[in-house]
Structures are given as structure tokens and as C-alpha cells.
Protein chains: 2
Amino acid sequence: MFDQTAITTAIDVLKQRFGDRVSTAASVRENHSHTTTQIGSEWPDAVVFAETKQEVADIVKICAEYHCPIVPFGVGSSLEGHVNAAHGGISIDMNALNQILAVHPEDLDVVVQPGVTREALNDHLRDTGLFFPIDPGANASLGGMAATRASGTNAVRYGTMKDNVLALEAVMADGRVIRTGGRAKKSSAGYDLTRLMIGSEGTLGIITELTLKLHGIPEEIAGGICSFPSVEAACNAVIMTIQYGIPVARIELLDPLQVKACNQYSNLTLPEETLLLLEFHGTQQSVKEQSELFGQIAAEFTPHAFQWTTNPEERNKLWKARHDAFWACLALMPGAEGISTDVCVPISRLAECVEETRRDIEETGLTAPIIGHVGDGNFHVLPLAMPGDDAAYQAIADFASRLSERAIAMGGTCTGEHGIGQGKRKYLRQELGESVDVMQAIKSSLDPQNILNPGKLFF
Amino acid sequence: MFDQTAITTAIDVLKQRFGDRVSTAASVRENHSHTTTQIGSEWPDAVVFAETKQEVADIVKICAEYHCPIVPFGVGSSLEGHVNAAHGGISIDMNALNQILAVHPEDLDVVVQPGVTREALNDHLRDTGLFFPIDPGANASLGGMAATRASGTNAVRYGTMKDNVLALEAVMADGRVIRTGGRAKKSSAGYDLTRLMIGSEGTLGIITELTLKLHGIPEEIAGGICSFPSVEAACNAVIMTIQYGIPVARIELLDPLQVKACNQYSNLTLPEETLLLLEFHGTQQSVKEQSELFGQIAAEFTPHAFQWTTNPEERNKLWKARHDAFWACLALMPGAEGISTDVCVPISRLAECVEETRRDIEETGLTAPIIGHVGDGNFHVLPLAMPGDDAAYQAIADFASRLSERAIAMGGTCTGEHGIGQGKRKYLRQELGESVDVMQAIKSSLDPQNILNPGKLFF
């Protein structure tokens, strides 16, 4: 599909223009194809370090002229092979576009470049009393988070990236720079190109600026935990909590294996049953009310008490299992790699989906704890494998495949927040049928040469 | 662009297939081009009453074969000429697709056909303790609301249609039926075609099914009103309320002229100053807390007290001005027509935008009250004109033009919730620049014959 000679020429032209900001060093190329999945690394032929949006536009124009693939790169924390250079070409490193361009406290919005990470943004905002809530775990770049429609633990209250980007600017496949909206809170003016770009995984354009919604740092935060005799009991408590309209900020589920891992890793003494961890945001009075209400709901489904507190230190102690979950999981099999996968189902099917998945894990003989953002019906499985154990990797791939199909069969999605990338392309059509043809028609119309992140989303 | 003979042939073929559900009666055609704007009516050549999504697909296929324009029609309450048949062809009446297909209380969602109106949906839901919050004023069809990205008074808390549609099904320009998602609360699987269809005004596809998010009916509702010495004072109170994170459900502004109109029409004795009307949803305790907090904030900006209550009858009394606002406005000029227009700006610019608009109204000599959904920075102006007064209509058109340009210049949008339709096409490029080329590329790729609602959004 792409011609290596043309790619080489493109890189030569880029070198003339950008000098030593074009690197073909092996280590740099390797760094820019790192994926934390089981998908093998596919190095770009070169990495170009862009510093301004005009440079991004110029790079795209050069690549368009020579028909050279372009893979946008933030911090490389995506989980489905999004930054692999499946067809060679260049990786465009966006980290130098890391300016916070404007904070508008009275409008609760901020204008940032895509290389700003979420932690850098929140550090910058600290004195304003505002914060940006989306937290996918990794200290990801905001451009990458938008491109993959990221979410995380507090999406149940604050939504995902699709709900928290007011507008964006992007360089399209022909080098044109477009702006998809202004700073108004809502608009009915034309097609929602903001949402079209969010989750497009770099295949439609390269995001060069984002206008993000901010939220007030809550006056008070309460955190708590509660054990349940079964996944079903925990899920029923979640369903009732959501139905009751309690504006829970976080509601996380750890399955018994994950709890066991946390007990071992962090010296905790939690019952090795299903655990829910909750967080409530609001005024002193309202978080108290929310916590007490949840306690009453939980009491209908478990003999264990709901322990909660507004004291930050004690809250962190209660949440310690969640904070250490990833490392606790890895410690179950020292030296192993964890291969994260995620699905999302209607919440009414969550208990069933988690239980079937646990049975599948057991039957397959995998070590694979489950953690869920259960307020959204979204959960992750982290199967472990020792590097080089091909049989284990194959078993994990087969398991992940069954998991995706299970979620789709339950009216859910093969990915709640990780994206399609390379890893889940085969489920996209299974999930969305002929919608995929519509997506591909859009892709062809906006990037007829297929130079923007080819080999992602579609085959 | 379209050939009348081909359109006539298409209608003949449709008549063979659908018999007397294809009408060419003048009264029916007129009814299906009704717009409540100053844009003249443009009748379709025929109206086809569809009863199933398969029929919608068949109608589209016939129209595609003969190159006949198709204008989707719900209840005709849109405000920018969306249902006019600018290029003739057929209007496809969707009202018979009015089934509520499934209610899922445990998932807080519902699956509906597009002809269901929002009031019919909420009547149906009454016993479930759930409701669908989007309220654009008119008892619009949910399909139309999705197609125009409608919102309304409580968008400040519950979002707009873009935030409350989980997934949809649509017939595309070639008659293919696609489904854009499942019932999972969130997904990162592929392009966000749901959001692309929402607000596409029938130009990309015809919506045949919607999966909507529901919300719990609040345990308690508090309502209240407060007068302010100036628009600026009221807006500052709004900004502080939003910044403080009070989850206000409704926050409406009436300008002094609108208050005067309401006093006259509804025999009220409100101070003829800027009025804010608020509503809070939550538990008994939380609405009390919210109301008291707002009262404290308001006290910094006005000498008037914030009056509030949770008693439904008293609440309705306090809100009477808002409920009667439209009719009160029309009564300012008996026999006149009101020509509604809307814009939306960052909330920090709202006072300035409203004040400049009031001055403009005064200088132009129009009678034009202002009502705002001010929590979002969105406001409406309803200039009045006597039918046949061409000069007044021209003055209103010029005024609306300046208003759109003013909002865009302030970083806002020419339409917060009414849409582009025919009326605001000329501002779309002014607001979004080359983004409009991207929209048109998408339109061309998905509807190469331009048969779906031609003449809307784009020239």
C-alpha cells in the first residue's frame, strides 16, 4: 500500500526542513512504537518532533505529497497498538506542544495544546479551585486521551473525553487546519466534528489544540469501601445507587482474586470477596448524605458494613487496594507481563458478564484479576503471562476474543475506553455492522491517501 | 439540481407502493412545510406517511433511484426552516413510528421510535420513577430533537440531546440501515456516528430508532425567583453559582421587557428588572442546601431576596412568568408574529452580549424580549412583527444577522439549540471556517446525490 522509496524521500525532505528534530535512531524509533499489549512493536521509519501546529501542518503536507504514513504520538500509554507504525512512515511526536494557552475560570474551560498531560494540567490549575476530571490511570497526554476517547474511574460522574471537550483544532490529511467549535457550552451549528475527531485514533486528523471543560474541586470528598458476598450482590447495589440518582463520583469493583492480590501486596486484611470502592463529591452535607444513603442501599445486599470517611489520610488508606491494584496484580506472578483488556456492557448485564468471565478465566487456567468502573458497566481484565510463554499469550488472545464477543452479545461494546487500535479491529464490524462502512466512507473522504495512522480501526 | 420529471416519476412509484399513504393534497403539503420562522413555506411535491423502518428504507431507495429530495418530518416545531422542501421532492412523515420499544429501568435507558414525542415518552415512563429530561419547549418528536441537537431549560444539568442519546439507528442515503452503537454507557469503538447523526438535520440519514438515557425523577424539586438590578448582576450570580458547583437544574433569565410582558399578561407584580428563575433537583436535604447557597450568592449581587419553595403549587406560582413567557410576549403586540432566534456565548460574555443586544433592539425600535437559558450562556430573542409588515421583517432579519455575528465574535455560536436549517446557513462558515468544507466532504461521501434534506446546513 505504501512505497518504501517514497517514505524515504519524505523523510529526507523532512530532514531538510527540521534537521535533527527528525530522528532515525533505533532507540527513538523503538520508543515511539512501544505498546503495552501483546501486539508486537512496529517501528516507524523516523520520528519527527513537532513544536508548533504550523509545523504539524507542514509535516502533514510533506507526507501527503510523498504518500508517507503518519502516526501521532503522545506519551505512548495507549493499550491497543495505536502508536505502532503498522505501515512504516513517521511518528510525529507531539510532546513539545505542551502549552496551556488560556484558563477561563469564569467559563470553567481551558485551552491546551495536545502534549499537555492530565497531571500537568491539574498541577497548573491547582490555584484556581478547578480541575480536569478525566483520569485514565496513566499520566496520558490530553491529545491522546481525546484521540482515544479516554475515560476512567470518575466517568460515572464527569463523563468521558467526549463529554469534556468543548472544541478542538486539528490538522487534516491535506494539511488544512480546522477548528471544530468555539467556547460556548452548547451549539447546534452543523455536524459535530468535535465528537467525530474524539475517538478517531489519529485516523482523521491530528489534534493540535483542545478546549476542555473544567469542574470545581469539590468542597468535600468522602471515600469508602464495602465487601459483598458476590459480584451479583455488588452489582445490584450499584444499580440501585445509580437508579436512586446518587451522584457517585467513583464506584470501582475488585473481584476476589484482585482483593487477594491487594491483601498480599499491600498487607491488607480485606475479606477476599467482591469489593466496591466509592467516592462522593460535594458539600460536607451532601457527601454525608450520599455516603449514608449508599450505606443503607449496601445493607440490603451484604452483611458487611460500608466504611467511609472524609478524612483524606483515612480515605487513602481505605482506597489503598485500588491505588496499588495494578502492581498487586503483577506481583501475583513475579516477572509476568499484564495484558490489559476492557469491555463495557449495560449495567443490568454486568454481574452476568463478570461471572461468565470469571468462569472462563478459571476454565482457561489464567491468572487474571478483574477491576471494574462499574457505575458505567465497564470492566478490565488483566491476564498475566511470562514473557516468551507463547501458549499463555495465545490463551490470553483467545480469552480476550471470547470476552469481546461476550460483551457484544450482551448489547455492550468490545471496548469501553481503550479503543480499537490494532487489537480490536476484528470486533468492530461484529459490534457495529454496516456502520463500519459508513466510518470507512468518512475516512476515505477525509484521508483519501490513507496516510493518517493507517492500519488502525480498520483492516 | 433536481429534475421535476424525475421527482414526479418517483412519486408515481411511491404511490404504487404505498397507495393513499402518499398524499399530494395541498393542505397536507402545506402542513408539512410549516415553519414558525420568517422563511417562506416551501411545499414538498408529496407527503409519504411511513409506518415502519423498512418502509423508510424502501422510500429512500426509490428516491435514490429517481434522484428525488427527501425531507424528514416529525411534528414540524423546528425553527430554522428544517422541514421546508427547498428543492421539492417528498416529505417523509415519521409520526406513525411512535412505539416505545423497550424500557430498561435497571439500565436507565429506553428504546423508542423517532415519532414518539417527549411528552408521550414521559407519560409512558410515569410509573417507573424515571424521566427523559430534554425539554425544548414544544412537544417535539424525539427524532426531530435528535436531528436538530435540541436542548432547552434543563440542559445546564442534564445536557442536550448529544449527551442523552446512547445510540441510534438510521436509514442512510442509499437505503442501508445502520446502528451506531449498543446500550453500553460508554464505548471507544470507532467513530462516534451517534453524535455525527445528532444535529445533522436529516442531511446524512433518517433516524428510525433512538436509545435514550433516562434519569431518576428527583425526590424533591425546589423552585425560586430573584430580581436583579442589571443583567450583569444576574449573570455574575449565575457564574458564581456554576463555579461553586451547585448542580442547578434550571436557571432562566428574563430581561426587564419580558418581565413587564409577564406582569401584564399574567397579572403579576414582579419588579420590572432582570429576573432569574431557578430550579434545584435532589433529595430534600440537598435542594434545601442548594437553595440556601444560591440565596447567599444572590445576596452579593442584588438587594432583592431569593424566594424559593418546594411546594409544587407555590413553585408553579413563582415560575408563572416563565411558563407564560411566550404568550405574554406575543400579547405585547396583539396579532403579531414572534420570530424566535437563539445564540450561545461563553458565560463570561453573556452579560455583555445580552446588553449589546438590548441596545441594538432599542436602537432598531423593535419589540423583542429576551429569555435565556443562562447556565449555558444561551439566550433567545423573540422580535415581534405584524404579518405583512415587510419593513419590520427586514429589520428583524438584519437584527438577527447582527446578533449571530455578535455571538460569533464573542467566541460563541450563531445557534445554541435551534440549528442551522435554512435560516443560519450564512453564519456557519463565519463561525466554523474550513470545518464546513470537512462537513461538506462528509455529506458528499454519505449522500453523493444530495437527496437527504438538500438546501439545509449548506448552500
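Let me begin with strand S13 of chain B, residues 250–254, which pairs in the antiparallel sense with strand S14 of chain B, residues 274–282, over five bridges; strands here are DSSP runs of E of at least two residues, helices are runs of H or I of at least four, both numbered from the N terminus, and two strands pair if DSSP finds at least two bridges between them. Within that pairing, B:Arg250 has B:Glu279 of S14(B) as its bridge partner. S13(B) also pairs in the antiparallel sense with strand S18 of chain B, residues 370–373, over three bridges, and there B:Glu252 has B:His373 as its bridge partner.

Please keep in mind that this is a predicted model, in which local features need pLDDT of at least 70 and side-chain atom pairs count only at pLDDT 80 or more, while totals for chains, interfaces and linings use all residues. Residues are numbered from 1 along each chain as its sequence is written, and chains are lettered from A and ligands numbered from 1 in the order in which they are written.

Is S13(B) buried or exposed? Five of its five residues are buried, meaning that 20 or more other C-beta atoms, placed from the backbone, lie within 10 Å of the residue's own. In a regular strand the side chains alternate between the two faces of the sheet. Here both faces are covered, with B:Arg250, B:Glu252 and B:Leu254 on one side and B:Ile251 and B:Leu253 on the other.

Turning to the core, the largest nonpolar one (buried Ala, Val, Leu, Ile, Met, Phe, Trp, Tyr and Cys residues joined through C-beta atoms within 7 Å) has 290 residues, of which A:Cys63, A:Leu276, B:Cys63 and B:Leu276 touch the most other members. Leaving aside residues up to four places away in sequence, B:Cys63 touches B:Ala10, B:Cys68, B:Ile70, B:Ile90 and B:Ile451, where contact means C-beta atoms, placed from the backbone, within 7 Å.

Technical notes. Buried ≥ 20, exposed ≤ 12 C-beta atoms within 10 Å, placed from the backbone. Contact = placed C-beta atoms within 7 Å.
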